[in-house]
Amino acid sequence: MADSSFICPLLLAFLLSIAGLTHGGKTSSFVRKQRKSVCMPINSDVFQEPPGFNSPQQVHITQGNYDGNAVIVSWVTPKYPRSTRVHYWSEKNPSQKKHSHGISTSYKYYNYTSGFIHHCTLKNLAFDTKYYYVLGVGHFRRTFSFTTPPKVGPDVPHTFGVMGDIGQTFDSNTTLTHYMANPKNPQTLLFVGDLSYADDHPFHDNVRWDTWGRFAEKSAAYQAWICAPGNHEIDYAPEIGETTAFKPFLHRYYSPYKDSQSPSPLWYSVRRASAHIIVLSSYSAFAKYSPQHDWLKGELPKVNRTETPWLIVLVHSPLYNSYNYHYMEGEPMRVAFEPWFVEHKVDVVFSGHVHAYERSERISNIDYNITDGLSFPKRNPDAPVYITMGDGGNIEGLAYSMTQPQPAYSAYREASFGHGIFDIKNRTHAYFSWHRNDDGYAVEADSMWFYNRIYYPVDENTDG
Ligand SMILES: *[C@@H]1O[C@H](CO)[C@@H](O)[C@H](O)[C@H]1NC(C)=O
Ligand SMILES: *[C@@H]1O[C@H](CO)[C@@H](O)[C@H](O)[C@H]1NC(C)=O
Ligand SMILES: *[C@@H]1O[C@H](CO)[C@@H](O)[C@H](O)[C@H]1NC(C)=O
Ligand SMILES: *[C@@H]1O[C@H](CO)[C@@H](O)[C@H](O)[C@H]1NC(C)=O
Ligand SMILES: *[C@@H]1O[C@H](CO)[C@@H](O)[C@H](O)[C@H]1NC(C)=O
C-alpha cells in the first residue's frame, strides 16, 4: 500500500502515453475584451421590412430533397396570404420560366399571431446551376437567387460554412457579416441550432422570430441553411399556456425529412456534393427504442462512402465540452450514439450550445462498462473530431469559464464569437478554419486539415 502513491502517477503517465494524450491541448492566449452582447433594437436597419404593402419577407431556403436537386423556399407575408407561388428560371435558360405552388400556414403563440408563412418546394432542378426566383406579385415582387449543389460524387469539392447560436445582437450582426464576407465563399451553411433567441424576450416575444427572419435573409435567401434544432427552438412555456414544443420553429423552418425516411422534421439526413450530413435533435427522445434512435441506427449503414466519402453530424448539444457551461449535458447522447459514430467512422461532429469555440482531438470514450474502470477518452483514429461552434453572438454572452486544467481530449478552445468553414477538397482532404469576429474576415484563428476516415485515415496529429 505504501507504494501506491509512487506507482500510480507512473502508471497513469504510462497509460496516458500509450493512449497518446500526454499533454492537454491549447487554450488560446487571445483574450477577448468582456462586454455585454446587446440585442439590436427593433428599429435597426437589419430588421427593416421590405418596401411595399404585404411584400414577401424573411425569405430563407434549405435543401429540398435527399440529393440536393430540390430546394424548399420559405417566406412570410405579414398582412394576408397572397400567393404561395414561386416563379423561377435557370441562369442558363432564362426564357424557360417555371413556377411551383406551395402551402401556407400560420400560428398563434400566447398573444402573438404570425403572418402567413409560405413553403414551396422547387423540384427537378439541374445540379450545379444558378437559379433566380421571384416571390410576390405586381409591384411587390422580390427576386432572389441560389445555386444548386453539384451532383453527389466522391471527389466533388464543396465549401460549407458553420455557425450556431446566433441570435440578434450587434455581435450576431458581426458574425453574419464576417461569414458572408469570408473570401472562401461558403456555398451552404451548416447551422448547429439556436436561431432567434426570441424566447429570451418577455413572453417569448415572437416578433423577435420575425426580426430574426429579416436579419438572416441576406444570407438565408441565397444559400441553403441546413439547420439542427437547438434548445431556443423549443419555446415550451406552460406558464403562458404554450405547451407544444417547437411550435414557432416547425411552422417557420421546414426540412426534407421524409426523403431520409425520418418520422420527424427535427432529425434527418441529406447528401450534398461529397458529404452525407446527419442532423440530430438533442431535445427529442434518443434512448433505445425511441424513433430517433431507431432511425439513426438504420440511417448510418445506408451511408455510402463510395458516393459520399465525408460523413458529418450536426447536433446542438456537444458530446465533448470542457467549458463550465452546459457541462456534461451532451453526456446521455454521447453514451447512446458515440459507439455508432466510431463504428461508422464519422469524420466530424459539429455542435453549438456552449457559447465559445472548441475543437477536440480524435478521441472516443466507449470502453466503459460500469465495472472495468475504462472511463477516459483516448485517441481513436476511427473517432470523429468534435467541434463546438456556439459562438454566433447571442444575447446570453460568451462562455468564458473553462474547466482546468484543459483536458487532454481538447485540442483548442477560445471564448470568442466567430464562424467556421469546412472546405472539402476531394475524397481525402478537407480544410477547416475558424474565424473569430475580432479579426479581419479572412484571418484563421484556428485551423485543421481533415483527412477522410475512409480514404486517408492517417492521424492528423494536431496534438500539442
Ligand atoms: C449590421 O451590419 C451591417 C454590415 O456591416 C451594417 O450595414 C449594419 O448597419 C449593421 N446594423 C447594426 C444594427 O449594427
Ligand atoms: C402581449 O402581452 C404583453 C404582456 O401583457 C404585452 O406587453 C404585449 O404588448 C402584448 N402583445 C400583443 C401583440 O398584444
Ligand atoms: C454505393 O455506391 C456505389 C457507387 O454508386 C455502388 O456501386 C454501390 O452499389 C453502393 N453500395 C451500396 C451498398 O448501395
Ligand atoms: C466489463 O469489462 C470487464 C473487463 O474487461 C469484464 O471482465 C466484464 O465482464 C465486463 N462486464 C460486462 C457487463 O460486460
Ligand atoms: C486532394 O486535395 C489535397 C489538398 O488540396 C491535395 O493535396 C491532394 O493532392 C488531392 N488529391 C487528389 C487525388 O487530387
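View 1. One oxygen atom of ligand 1 sits 2.4 Å from an N or O atom in the side chain of Asp-45. Keep in mind, as you look around, that this is a predicted model.

**View 2. The shell around ligand 1.** Here you can pick out Met-40, Ser-44, Asp-45, Val-46, Phe-170, Asn-173 and Thr-177 around ligand 1. On its own, ligand 1 has 360 Å² of accessible area, and the protein covers 55% of it. Sorted by class, the shell of ligand 1 holds three nonpolar, three polar and one charged residues.

**View 3. Ligand 4 and its surroundings.** The residues to look for around ligand 4 are Asn-369, Thr-371 and Asp-372. The side chain of Asn-369 has an N or O atom 2.5 Å from an oxygen atom of ligand 4.

**View 4. Helices α5 and α6 side by side.** Helix α5 spans residues 291-299 and helix α6 spans residues 331-343; their axes come within 11 Å and cross at roughly 5°. Angles under 35 degrees count as roughly parallel, and α5 and α6 are therefore roughly parallel to each other. From α5, the contact is made by His-293, Leu-296 and Lys-297, which meet Phe-337, Trp-340 and Phe-341 of α6. Four nonpolar residues, one polar and one charged make up this contact of α5 with α6.

Definitions and conventions: Residues numbered from 1 in each chain as written. Chains lettered and ligands numbered in written order. Predicted model: local features only at pLDDT ≥ 70, side-chain atom pairs only at ≥ 80, totals over all residues. Heavy atoms only, no water. Axes fitted to C-alpha atoms, helices over the stretch in contact; angles between N-to-C directions. Helix = DSSP H or I, 4+ residues; strand = E, 2+ residues; numbered from the N terminus. Parallel < 35°, antiparallel > 145°, perpendicular 65-115°, else oblique. Contact = heavy atoms within 4.5 Å. Nonpolar A, V, L, I, M, F, W, Y, C, P; charged D, E, K, R; others polar. Near = heavy atom within 4 Å. Polar contact = N/O pair within 3.5 Å; in protein donor to acceptor, adjacent residues only side chain to side chain. Areas by Shrake-Rupley, 256 points an atom, 1.4 Å probe, with all protein chains shown as cover.
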